[in-house]
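Please keep the structure open while going through them.

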Amino acid sequence: MSDRPAPWIAIARYDAAGRARGSLVVTGLLSAFLLLFLAFFPSLSTAGIDLDAYVEAFPPAFQEAFGIIAISSIEGFLAVEFYQFAWLLLVGLYLAYLAGGTIAGDVASGRMDLTLSAPVARRDVVIGRFLGLVPFVVLLNLVLPVVAYVGVLAVGETIAVERLVAVHALAVPYHLACVAAGIAVSTLVSRPGVAQRVALGALFALFMFESVVASTDYAAVGDVSPTAHYDPSAALVLGEYDLTGAAILLAATAGLVALAVVRFRRADLSG
Amino acid sequence: MPAIECRNLTKYYGDVRGIEDVSFTVKDGEVFGFLGPNGAGKTTAIRTLLGFLSPTSGGGALLGHDVTDPAASRRARERTGFLPGDPGLDRDRTAAAFLDHQAALRGESSRDALVDRFGLDESRRIADLSRGNRQKVALVAAFMHDPDLLLLDEPTSGLDPLLQEEFAALVRERVDDGASVLLSSHVLGEVAALCDRVGVLRQGHLVAVESVSDLRSRGGKQVRVRVAEDVDRADFELRGIMNLRVGETVSFTWTGEYDALIDLLSGYSVLDLDVVDAPLEEAFMTFYDGDVPGPTGSGGTPRGDRAARDGDEQRDATASSGGESR
């Protein structure tokens with residue numbers, strides 16, 4: 001009995017192991033995507049077009065949405081073409097979607113019955129399922145900076161390692177918040193397919209809302225969106241690291257997981 | 001201390017009744033059967049006892065631990081095994097990975113012995129296993145930590161007859177070792193073969209609790225008679241006759257005195273007569289149909305179900321009407 005791991009560790013480990021292959025595939029695909037964009041950079045920068053003037057002509061909300069500060073430098077290019085789109089939006093939405101299917105999916109499939117017929121607290125299930133997605137977040141943010149660095153060198157450019165590390169270090173709290181939001185939705189909505197779409201849709205709606213209000217007098221209202229607290233462009237292009245934003249995201253993560261625990265504790269397991 | 005105590009347990013899903021006012025006790029070392037058609041509330045009762053559902057009212061205890069208190073329920077689950085009829089397993093994991101995980105949650109003192117006994121190939125992906133083999137995976141998970149209490153919800157669905165026998169043998173061994181069992185089924189034979197007592201659930205109500213031996217002794221006689229004359233059904237619709245079927249052969253369950261049966265048959269030229277102990281299923285139906293006060297206005301008696309299932313000759317129209325309405 002005593003040689004058994006804590007249930008939340010066992011659940012996290014089992015979940016992470018089940019995601020191992022998928023995590024590697026997604027990491028590989030995103031690496032390929034990053035390298036593909038980087039391969040475009042030399043032809044873009046030598047084309048003699050003033051791209052910065054071009055993007056400055058975009059409406060403010062558009063610039064905000066895609067974090068456009070400057071696009072002609074390698075940092076600006078990576079920020080706009082990869083981090084703002086793939087890291088903030090794509091990976092964020094995907095994580096929320098994955099997490100949205102966890103608890104609701106287990107309940108609907110009857111897997112939860114087998115888990116909870118063992119001496120496991122509901123809290124342990126929520127925490128275990130949350131932690132089960134953490135290795136994927138860590139893997140993404142460990143592999144991609146290396147790929148980005150090597151890719152940048154390969155196209156004959158240089159990039160500040162510190163900024164590259166920072167943009168990924170700051171991505172971790174953001175990604176964790178996306179996972180936590182998905183877990184919370186998964187305890188609020190009982191049908192797994194619906195929970196996944198709600199988690200994804202809510203995050204996307206918040207992102208758009210934040211983008212729209214950012215250039216108005218009500219920009220502060222946009223702070224409700226997790227996307228407001230992670231700014232890859234600022235980190236990469238300006239070397240500005242939003243540590244407060246990271247702290248807010250970590251607090252939100254804890255809050256959302258706590259909400260999920262409270263919700264799930266009281267829930268009937270009926271899908 | 002009873003293994004299971006269920007006190008006025010009631011569970012509504014919104015306005016839909018799952019179970020209502022269900023009370024029973026499973027004694028230490030006893031095998032108690034839950035019998036009833038699908039949708040009668042067997043699974044709801046078991047899942048409420050496991051703490052998966054919170055009761056609308058009432059309560060219960062497993063191994064002395066209050067099921068509505070999460071910490072107490074967890075202590076009970078430490079020593080409980082649960083086998084659902086259609087277990088939710090991770091299709092894309094191997095049986096070994098799933099059982100490793102279950103072992104980490106509950107222990108695995110007799111895992112290897114069970115895997116050997118049921119001939120389970122742990123290396124295969126669960127999605128590639130047949131329904132019977134998937135059921136074996138869940139079975140090993142339910143029994144491998146040598147629980148003191150087993151909650152088995154339609155456990156043998158999906159198992160072939162040979163495996164059902166092996167499963168029954170396993171349950172008996174565990175009971176001999178001191179375990180208590182709550183087993184639900186809609187198959188009387190299964191319940192009768194394993195259980196000491198049977199509780200009948202119908203539309204969420206526990207309508208009767210009977211010992212299997214009582215049920216057998218009260219079962220009456222199964223009579224099959226062939227006569228030369230045409231038979232008027234009304235002549236046989238007497239007190240003491242149940243499950244009447246009138247065709248080329250007249251068959252019924254006789255619960256009265258032999259003399260009265262002889263008097264009845266004396267009016268005919270009997271060509272063939274067969275009187276045997278009613279099989280338990282007949283006995284049960286007799287009992288269920290006649291004596292059990294159930295909710296009023298229900299057309300769906302088990303007898304109707306049975307007639308519909310057998311699909312034979314002339315059925316009692318009133319008994320079979322609405323038999324599928326549940």
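This is a predicted model: local features need pLDDT of at least 70, side-chain atom pairs count only at pLDDT 80 or more; totals for chains, interfaces and linings use all residues.

1. Helix H5 of chain A is followed by A:Gly110, whose phi is positive, near 85°.

2. Helix H5 of chain A, which spans residues 102–109, is mostly covered, with 6 of its 8 residues buried. The buried residues are A:Thr102, A:Ile103, A:Ala104, A:Gly105, A:Asp106 and A:Val107. Among the elements that cover these buried residues are helix H4 (74–100), helix H6 (111–116) and helix H7 (122–131) of chain A, together with helix H10 (171–188), helix H11 (192–214) and helix H13 (243–266) of chain A.

3. A:Leu140 counts as buried because 23 C-beta neighbours fall inside 10 Å, the cut-off for a buried residue being 20 or more. Leaving aside residues up to four places away in sequence, A:Leu140 touches A:Thr27, A:Leu30 and A:Val91. The C-alpha atom of A:Leu140 is separated by 23 Å from that of A:Ile103, a residue 37 positions apart from A:Leu140 along the chain.

4. Taken as a whole, chain A has 13 helices and 0 strands. How does the radius of gyration of chain A stand against that of a compact globule with 271 residues? The value for chain A is 20 Å, which agrees with the figure near 18 Å that a compact globule with 271 residues would have. Along the principal axes, the C-alpha atoms of chain A fill a box of roughly 65 × 40 × 30 Å. Of the 271 residues in chain A, 48% count as buried, and, for contacts in chain A with a separation of 6 or more, residues 24 or more positions apart account for 77%.

5. The contact between the two chains takes 23 residues from chain A and 24 residues from chain B. On the side of chain A that touches chain B, the elements that give two or more residues are helix H1 (7–45) and helix H6 of chain A. Helix H6 of chain A gives the most to this side, with 5 residues. By residue class, the side of chain A that touches chain B divides into 12 nonpolar, 6 polar and 5 charged residues.

6. Chain B contains a hairpin that can be followed residue by residue. Strand S9 (residues 197–202) and strand S10 (residues 205–211) of chain B pair in the antiparallel sense over 6 bridges, and the bridge partner of B:Arg197 in strand S10 of chain B is B:Ser211. The hairpin has 2 residues between the strands, and B:Gln203 takes a positive phi near 45° there.

7. Chain B also holds an open sheet of 4 strands in the order S12-S13-S11-S14, with antiparallel pairing. Its edge strands are strand S12 (241–246) and strand S14 (270–277) of chain B, each of which pairs on one side only. The twist from one strand to the next averages 15°. Within this part of chain B, strand S12 and strand S13 (residues 250–254) pair in the antiparallel sense over 4 bridges, and B:Arg245 has B:Ser251 as its bridge partner in strand S13 of chain B.

Technical notes: Residues are numbered from 1 along each chain as its sequence is written. Chains are lettered from A and ligands numbered from 1 in the order in which they are written. A residue is buried if 20 or more other C-beta atoms lie within 10 Å of its own, exposed if 12 or fewer, and partly exposed in between; C-beta atoms are placed from the backbone. Two residues are in contact if their C-beta atoms, placed from the backbone, lie within 7 Å. Ala, Val, Leu, Ile, Met, Phe, Trp, Tyr, Cys and Pro count as nonpolar, Asp, Glu, Lys and Arg as charged, and the others, Gly among them, as polar. Two strands pair if DSSP finds at least two bridges between them. The radius of gyration is taken over C-alpha atoms; the globule rule is 2.2 Å times the number of residues to the power 0.38. Axes are lines fitted to C-alpha atoms, for helices over the stretch in contact, and angles run from 0 to 180 degrees between N-to-C directions.
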